[in-house]
Amino acid sequence: MAAATNSILLKLKPNIKTKICNPLFGFARSSSSASPSIPHLFSATALPYADADSDCSSEIKATADANPNLIHPSADVHPNAVIGHGVSVGPFCTIGSSVKLGNGCRLYPGSHVFGDTEIGDHCLLMPGAVVGDHLPGRTVLGCNNVIGHHAVIGVKCQDLKYKPGDECFLHIGDNNEIREHTSIHRSSKSSDKTVIGDNNLIMGSCHIAHDCNIGNNNIFANNTLLAGHAVVEDYTHTAGAIVVHQFCHIGSFSFVGGGSVVSQDVPKYTMVVGERAELRGLNLEGLRRNGFTATED
């Protein structure tokens, strides 16, 4: 039985010998088995490659050789994809033809990147994460972002006013941690875009709908749900299981208590809570944590 299984696996194992002469973007995958020095997630090496007769400079070749890629042979990487240096792609990943991956990105097993999607340097996609979609428009992620297990980022919005064929956009900044089972959708029309800034912590099972505009340094606890066109400024904090009505505006340094339903704008520096959220005073603890003095409070 073991011999028969090995025979089947050898037949299924891809024999890829693609050569792409631009070492900045290309790679050559080896079908040989893994060596002990390669991490267990990645059983084949992928080295930036340059033909001897190419126009690539020796300096670029040296840079490429110093930053090898690791691409598992079961990964489906389109030859037109743009791959940076030091990229790791695990088993059963998918990278589409219009994808651009920055240097040092790491895709864990079963993560996928589709459509016209650009991912910056040193981003991490956990198992099951999906980024981008085969839609007109674009998804852009900055650097040092973490996309959690089975998070779905940059897909079609859940808005009936979206017309098939319209361009739609999502732009995410740098240093965001987007945890498991979160969904973030593209815009509902070509004249708008969903935007998330820098340094945000978006915990598990959150939802950020079409055309939302999220600032910097926010903390969204689990099951924070933002409807379309919501605006969240900077340094806000939501507790778990809160709902924000479409077009609502949440001001900087505010706090939304757990289980709240926000149906009106939340002023800066305040704390709201309730089944229909009501003002409960200043967010004194949040202001203190962010360096405000008693005099400023």
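A: Two strands pair if DSSP finds at least two bridges between them. Strands (E, at least two residues) and helices (H or I, at least four) are DSSP runs, numbered from the N terminus. The model is predicted: local features need pLDDT of at least 70, side-chain atom pairs count only at pLDDT 80 or more, and totals for chains, interfaces and linings use all residues. Residues are numbered from 1 along each chain as its sequence is written, and side-chain values use heavy atoms, without hydrogens and water.

The part to look at is an open sheet of 9 strands. Its strands follow the order S5-S8-S11-S14-S17-S20-S23-S26-S29, and their pairing is parallel. Strand S5 (82-83) forms one edge and strand S29 (249-250) the other, since each of these pairs on one side only.

Begin with strand S14, residues 137-141. Of the 5 residues in S14, 4 are buried, so the strand is mostly covered; buried means under 20% relative accessible area, exposed over 50%, and partly exposed in between (1.4 Å probe, protein chains only). On one side, strand S11 (residues 117-119) pairs with S14 in the parallel sense over 3 bridges. Across this pairing, Val140 in S14 has Glu118 opposite it. S14 also pairs with strand S17 (residues 168-172), again in parallel, and 5 bridges join these two. There, Leu141 is found opposite Ile172 in S17.

Now move along the sheet to the edge strand S29. Its partner is strand S26 (residues 231-232), which runs parallel to S29 and is joined to it by 2 bridges. Ile250 in S29 stands opposite Val232.

Rings of Phe, Tyr and Trp (its six-membered ring) pair if their centres lie within 6.5 Å; planes under 30 degrees apart count as stacked, over 60 as edge-to-face and the rest as tilted. By this rule there are 4 aromatic pairs. In one of them, Tyr235 and Phe253 are stacked, with 5.1 Å from centre to centre and 5 degrees between the planes. Tyr235 sits in the loop between S26 and strand S27 (237-238), and Phe253 in the loop between S29 and strand S30 (255-256), so this pair ties together parts that are 18 residues apart in sequence. Tyr235 has a relative accessible area of 35% and is therefore partly exposed. Phe253, at 15% relative accessibility, counts as buried.

Phe253 also pairs with Tyr269: the ring centres are 6.0 Å apart and the planes meet at 15 degrees, so this pair is stacked too. It links distant parts of the chain, because Phe253 lies in the loop between S29 and S30 while Tyr269 lies 16 residues away, in the loop between strand S31 (261-262) and strand S32 (270-273). At 34% relative accessibility, Tyr269 counts as partly exposed. Together, Tyr235, Phe253, Tyr269 and Phe292 make up one aromatic cluster.

A last look goes further along the chain. Over residues 265-295 the chain is 19% helix and 29% strand, with the end C-alpha atoms 26 Å apart. Leu284 belongs to helix H3, which covers residues 284-289. Its relative accessibility is 47%, so Leu284 counts as partly exposed.
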